[in-house]
Amino acid sequence: MKKYWHVIGIGIQNNLTYRVNYLARTLFSFIPLFAMLSLWRTIYAGKGQGSALGGYTQAQMIFYYLLVAVVDVLTAVNEDDWQIAADIREGNISQFLLKPIDYLWYRLCLFFSGRIAFIAMACVPLAVFIFCFRDYVVWPAGGAALPAFVISLVLTALLQFFISYTMAMLAFWLLEISTFIFILFAFEYLASGHLFPLDLLPPALQQVLFCTPFPSMLYVPIGIYMGKIVGTGIGLGLLVQSLWLLLAYALARFAWRRGIKKYAAFGG
Amino acid sequence: MSTVHSPKSKDDVTSHVSRVTRYGAIYAALWKTSVTREMSFKGNFLLWIIVELAWFGLQLAFVGVIFSQTTTVGTWTVWQVVLLTGTSSFIQQIYQAFFLVNCTNLSELVRTGKMDFLLLLPVNTRFVVSTRQVDLPSFANAAFAVCVMTYAAGKLHLHPTAVQFLGFGALCVIGLLVHYSLMFMLASVSFWTVRAQGIVWGYYSLFNIARMPDEAFRGVFKAVFTFALPVLLVSNVPVRVLADKLTSPAAWLALIGLGIVWALISEWFWRFSVRRYTSAST
């Protein structure tokens, strides 16, 4: 167990060398975020005060996007998938086949350290940004919502990681996997609720989406926090997230085992 | 290079002509190698088209979702916003076809020291840095954007006059110039930081707002992204010209003026940055 702590420590140090990069990324991401908030404010202004769209008041809609930004900083994979794919392609994983260290846990540790470094750089600008919109900040819906939100966040982060890890396993079979990553990301962007709250979609489409893993990758924790998912829905949401997580984990292990059989250790 | 002549002298004219044909020949050769390279990865070529189509579909889906909740954004109606989304994508894809890869590669050239080689070539360095590769899948996606624009224009019952059409085309070219100038400046930052992976991220964040109707914005934000960084003009102004939404000629004058100003600033910044270049490898 101790060796993995070392990995996290080294990972944080490595990631902190990109601190300017992280800071720039965070600051740049405020441009489309602010634009999105302005767009919705204009739409609500055209609708008249106090109107709700898809069950969201103006304040809730604004806060939804702020919360997306927060959850994104806390849980999104950074460049883990590219790095894993590069490790496989360039033969760097050979050393892990010889060492008493599991590549999957090793990468998970690096994912955590990456998040910690990113949060360290992003938290101040993000807090300032949210402070500017403090009038819209909504507190968790009910006493159960906050702990459930935290659990859901952890599940979201793990699911994000395992799905990216599994995608990166494609590098065992294909030379170029960035196209696949981008296509998956496009779907995730829409179907996880990144672009707009899923409640705005027609009910039939929502039901289809909830059969995919995408809502578990972002929407579920936000829905819990904002009281869009309540009562038994909370338990169900967490259960569905856990099931997708288990499936993604199993798939990651399976893909790795199959990949290793084909692995030819170029270069490394 | 040129010796002192009266500006209208015959030699001067021929030297200009030969310069143009020379650069034309160089560019043709670059195209040829790009096509050859692209064709050796046919599967990848198709996949990139799909990636861009997925993202374009995503933007259209967002427009659909927004207009399922409202009928207008400011004075913009649904098909006007679709036209805007199409135009924005068109400009971006054409930019991507000619320049984006080259701009993002600049930091790699600096990091590895391959810049040495390009600086030694007897051509304008900015020219060769900007045009080395052509990204062919983007042309297919630009064509798709044109289809969406045409469909939206049909839905709006637009019958643009020749002047409107030419104005639209010319303003799209200015939009392209703005994309290129701003991105090339961002890329030139790599002479300072070397590892500038955030450049593409910055570019997409910045031009993300180009496809949003300008009336969605107010105050300082609107002023900054109209007059300082004219991102909100890039596709909004051409669409306003095409869709009879122009309120005053100030909009297109501003776009043309700022396009030229940014092109000059970008050239100045490039020259300033190149002076900082210290070779990495040798």
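In chain A of this predicted model, A:Asp80, A:Asp81, A:Ile84 and A:Ala85 of α4(A) meet A:Phe161, A:Ser164, A:Tyr165, A:Met167 and A:Ala168 of α7(A); contact is taken as C-beta atoms, placed from the backbone, within 7 Å. By class, this contact has six nonpolar, one polar and two charged residues. Here Ala, Val, Leu, Ile, Met, Phe, Trp, Tyr, Cys and Pro count as nonpolar, Asp, Glu, Lys and Arg as charged, and the others, Gly among them, as polar. Helix α4 (residues 80–89) and helix α7 (residues 145–168) of chain A pack at an angle of about 30 degrees, and their axes are 8 Å apart. Axes are lines fitted to C-alpha atoms, for helices over the stretch in contact, with angles from 0 to 180 degrees between N-to-C directions. The crossing of α4(A) past α7(A) is right-handed, that is, the near helix is turned clockwise from the far one by less than a right angle.

Helices (H or I, at least four residues) and strands (E, at least two) are DSSP runs, numbered from the N terminus. Residues are numbered from 1 along each chain as its sequence is written, and chains are lettered from A and ligands numbered from 1 in the order in which they are written. Local features need pLDDT of at least 70 and side-chain atom pairs count only at pLDDT 80 or more, whereas totals for chains, interfaces and linings use all residues.

| Helix | Residues | First to last C-alpha | Expected span |
|---|---|---|---|
| α7(A) | 24 residues | 34 Å | 34 Å |
| α11(A) | 31 residues | 45 Å | 45 Å |

Helix α7(A) is mostly covered, with 17 of its 24 residues buried; buried means 20 or more other C-beta atoms within 10 Å of the residue's own, exposed 12 or fewer, and partly exposed in between. In α11(A) the buried residues include A:Trp244, A:Leu245 and A:Trp256. The buried residues of α11(A) pack against α6 (103–132), α7 and α10 (219–225) of chain A. A:Leu243 also belongs to helix α11 of chain A, but counts as exposed because it has 12 C-beta neighbours inside 10 Å.

The largest nonpolar core has 134 residues, and A:Tyr64 and A:Ile222 touch the most other members. Such a core is a set of buried Ala, Val, Leu, Ile, Met, Phe, Trp, Tyr and Cys residues joined through C-beta atoms within 7 Å. Helix α3 (residues 78–112) of chain B gives the most to this core, 14 residues. Residues up to four places away in sequence aside, A:Tyr64 touches A:Tyr56, A:Pro197, A:Ile222 and A:Met226.

Between the chains, 32 residues of chain B are in contact with 29 residues of chain A. On the chain B side, α2 (42–69), β1 (72–73) and α9 (198–207) each supply at least two residues, and α2(B) has the largest share, 14 residues. This side divides into 19 nonpolar, 12 polar and one charged.

In chain B, B:His157 has a positive phi of about 55 degrees although it is not a glycine. B:His157 lies in the loop between α6 (137–155) and α7 of chain B and counts as exposed, with 7 C-beta neighbours inside 10 Å.

Conventions. Two residues are in contact if their C-beta atoms, placed from the backbone, lie within 7 Å. The expected span of a helix is 1.5 Å times one less than its number of residues.
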